[in-house]
Every structure is written in C-alpha cells, then in structure tokens.
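Have the structure open as you read.

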Amino acid sequence: MPLLICQDAPYAALRLADIIEQAILENPRLTLGLATGRTSAAAYAELVARHHQNTELAFRQVTTFNTDEFVPLAATHRMSARYLMNYRLFRHVDIKLENTYIPHGDAVDLAAECRAYEAMLQARGGLDLVVLGLGHNGHVGFNEPGSSAKSRTRVVEFTNSTLAALSDGYRFQSLEETPRRAITMGLGTILAAKHILLIATGVSKAHAVHRMFDCRPGPSVPASLLLQHPNLTMIIDADAASHIAELPQDTVYIP
Ligand code: GLP
C-alpha cells in the first residue's frame, strides 16, 4: 500500500485532488465515492478551480455516491452531506445532479432507503474510486468500531467519541443539536471499490493513524480493515504521521 506523507494538510489536499483529477481524465465515466469531511473539502475546492481552468476536466459523465448522511437531516439542512456537497462541489462543476447519490437521511423507511442505495450502487457497477476521510476513532464513512468488513449500507448509531467530535463547533454547535445516527456505506461496499483513497491530516488524527498501522488490523479500528484491499492509497500529512511506530515499506515522503 502506498503511504504518501505530505508536509502539511493543504499539500495533502492537492495530492488528493491530483489523484481524483487523473482518475476522471482517464475515465470520464468514473463512478466515484465521496467523503464529506473538511479534509476532503479542500481537495474538492481545488478540483472546482481546476475544472474552471481546464475544460478537459469534465464531470458531465461522472457519477458520485457519498459515503454517508446524517439521520434525520433533510437535504435542506446546512450540515447535511447533501447540502455541503451541493455547495462545495456539485454546483460548481458540470456534473448532472441526478448522477450524484447521497442517502436520504430523512427517509421514512430507513431500511428501504439503505437497500435502495446499495442497489443503485450495484446497478452502476460499484465504485471505481472511493475517497475516504478518517474519523478520530478510526471510523471510515460512519463505520464505527465493531463494524464488519462485510457490512453493507445501513443505519448506524454514533459512539460517544464520534458524538464528541461532531459537536465540536465545526459541524454542530452542541451535543444537543448533533444527530445520533447516520446512514453509511458499509465496509464491504467500500472494500468492493477498485481503488480506495484514504486521507487524514492534522495531529488530531495521529492516534487513529498510529492504531491503524501499529496494532493488529481488526474491527476495533475499522480503517485498518482497508489494509487488506489490493489497491489502497493513503495520503496523510506529517502531523497525522507523527505517532506511527513502524512505517509501511511503501512509504513515500513528498517534500
Ligand atoms: C466522518 C465523515 C466522513 C469524513 C470523516 C473525516 O467520518 N463520515 O465523511 O470524511 O468524518 O472528517 P474530517 O475530514 O472533517 O475530519
């Protein structure tokens, strides 16, 4: 697995944008899985800028599936994945909105919504590339510790550490207004992607990154289950790398 260590978070976002851009240029009909966190948001801003500079970087035929959505947030809620993705990326490029899939967090029948999402993804032939952020407790999407490598799209309850992270003022202003649940793409769904890109920046992710590499892979650190994937690329910055005891062989420092 290539582990790319960049000097800082902005640089890591640029490298993430490079890989997504290259994938779209190589396959204009790419099916792309997307995370909503702030780490990936910086890469999306870069892609928007590049799209306006380079007419070849077209999203017209790209299909996207976001990894998660808060329950019970409606698309109009300013912290919903749908709202943020529209605002940060979809509105600024030539993607067809009907080809951007995000679970409906306010669906009346959540189980049916999860089944429909999974079916839609399978009907599109699965993910070519999926971009993932890393949660402080090692979650990806919202596959919290304990998630199975075979899990599919489903409703999950947040752990206390995720609730604490989500209510830190960046996403939600207080614990009271923080949703307790989400619909998330499962680890099995993610592991079926052809290429997985995992990004983590900042010292707040250092512990999760350390556990991913220095502990035995297992469901207690869901991101560690991605290490079994034959085509995983991880991009981190120096701060996120600062607690790793033993770097993987395939580590590249990007100065
Ligand atoms: C949560 C979200 C992901 C996001 C990750 C990292 O897990 N479900 O979509 O990528 O957090 O978020 P951030 O980059 O804001 O730290």
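The ligand sits in the largest pocket. A molecule counts as sitting in a pocket if more than half of its atoms lie within 2 Å of the pocket's grid points. This is a predicted model, where local features need pLDDT of at least 70, side-chain atom pairs count only at pLDDT 80 or more, and totals for chains, interfaces and linings use all residues. Residues are numbered from 1 along each chain as its sequence is written, and side-chain values use heavy atoms, with hydrogens and water left out.

How much space lies in the largest pocket? About 550 Å³. Of its 28 lining residues, Gly 37, Arg 38, Leu 134, Arg 171 and Lys 205 are the closest to the centre. On a 1 Å grid over the protein atoms alone, a pocket is an open set of points where a 1.4 Å probe fits, with protein on both sides within 12 Å along at least five of seven lines; lining residues have an atom within 4 Å of a point. Helix α5 (160-166) and helix α2 (38-53) each supply at least two lining residues, and α5 gives the most, with four.

Now for the ligand's surroundings, which include Asp 68, His 139 and Phe 142. Sorted by class, this shell has three nonpolar, six polar and three charged residues. Here are some polar contacts (pairs of N or O atoms within 3.5 Å):

| Residue | Atom on the protein side | Distance to a ligand oxygen atom |
|---|---|---|
| Thr 36 | polar backbone atom | 3.1 Å |
| Arg 38 | backbone N or O atom | 2.7 Å |
| Thr 39 | polar side-chain atom | 2.4 Å |

On its own, the ligand has 380 Å² of accessible area, and the protein covers 91% of that. These areas come from the Shrake-Rupley method with a 1.4 Å probe.

One last thing to find: most peptide bonds are trans. Val 71 and Pro 72, though, are joined by a cis peptide bond, with omega about 10°. Pro 72 is in the loop between β4 (68-71) and α3 (81-88).

Technical notes: Near = heavy atom within 4 Å. Polar contact = N/O pair within 3.5 Å; in protein donor to acceptor, adjacent residues only side chain to side chain. Nonpolar A, V, L, I, M, F, W, Y, C, P; charged D, E, K, R; others polar. Points joined across faces, edges and corners; volume = space filled by probe spheres on them.
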